[in-house]
Amino acid sequence: MEIQLLGCVEARARSGDKLPLPHGTKLLLAALAWTPGAFVADETLIERVWQERRPQHPRDALYIQATRLRKALRADGQLPRASN
């Protein structure tokens, strides 16, 4: 997967096709891609995604966006399915 951070935030599959990302997930993807391969704490992500205007329940909003992003990437085969 290729992630473009300068200009419009985009994710592209290995094939080069642009991945459709659900509304609101681009900022989260950019915040995670900014430090690839590293753990990013919830508070750091909340600060990066909602710099000026936090939602009433920022951690819940973050988890919702993360779930949407995971589903979008899994649907395209970019992430493996979770194993139990």
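**Helix packing and the nonpolar core**

Beyond its neighbours within four places in sequence, W50 is in contact with P55, P58, A61 and L62. The model examined here is predicted. W50 also belongs to the largest nonpolar core, which holds 17 residues. Within this core, the residues that touch the most other members are L21, L28, L45, W50, L62 and L69. At least two residues of the core come from each of helix 1, helix 2 and helix 3. The greatest contribution is that of helix 3, with 5 residues. In soluble globular proteins, nonpolar side chains tend to be buried together.

The protein chain contains 3 helices and 2 strands, arranged from the N terminus in the order β-β-α-α-α. Of its 84 residues, 30% are buried. Among contacts with a separation of 6 or more, 37% join residues 24 or more positions apart.

The arrangement of the helices was examined pair by pair. Two packed helices are described by the angle between their axes and the distance between the axes. Helix 1 (residues 26–33) packs against helix 2 (residues 42–49) at an angle of about 125°, and the two axes lie 9 Å apart. The crossing of helix 1 past helix 2 is right-handed. On the side of helix 1 the contact involves L27, L28, A31 and L32, and on the side of helix 2 it involves L45, R48 and V49. By class, the residues of this contact comprise 6 nonpolar, no polar and 1 charged.

The axes of helix 1 and helix 3 come within 9 Å and cross at roughly 90°. Helix 1 and helix 3 are therefore roughly perpendicular to each other. In this pair, L28, L29 and L32 of helix 1 meet L62, Q65, A66 and L69 of helix 3. The contact of helix 1 with helix 3 has 6 nonpolar residues, 1 polar residue and no charged residues.

For helix 2 and helix 3, the packing angle is about 85° and the axes are 10 Å apart. Helix 2 is thus roughly perpendicular to helix 3. The residues in contact are D42, E43, L45 and I46 from helix 2, together with P58, R59, L62 and Y63 from helix 3. Here the classes are 5 nonpolar, no polar and 3 charged.

In helix 1, the buried residues are L28, L29, A30 and A31. The elements covering these residues include strand 1 (2–4), strand 2 (10–12), helix 2 and helix 3. L28 is also listed in the contact of helix 1 with helix 2 and in that of helix 1 with helix 3.

Q65 is located in helix 3 (residues 58–75). With a relative accessible area of 13%, Q65 counts as buried, because the cut-off for burial is under 20%. Apart from neighbours within four places in sequence, the contacts of Q65 are with H23, G24, T25 and L28. One of these, L28, lies in helix 1 and is buried.

Notes:
Residues numbered from 1 in each chain as written. Predicted model: local features only at pLDDT ≥ 70, side-chain atom pairs only at ≥ 80, totals over all residues. Heavy atoms only, no water. Helix = DSSP H or I, 4+ residues; strand = E, 2+ residues; numbered from the N terminus. Buried < 20%, exposed > 50% of the residue type's maximum accessible area, 1.4 Å probe, protein only. Contact = heavy atoms within 4.5 Å. Axes fitted to C-alpha atoms, helices over the stretch in contact; angles between N-to-C directions. Left-handed = near helix turned anticlockwise from the far one by under 90°. Nonpolar A, V, L, I, M, F, W, Y, C, P; charged D, E, K, R; others polar. Core = buried A, V, L, I, M, F, W, Y, C linked by side-chain atoms within 4.5 Å. Parallel < 35°, antiparallel > 145°, perpendicular 65-115°, else oblique.
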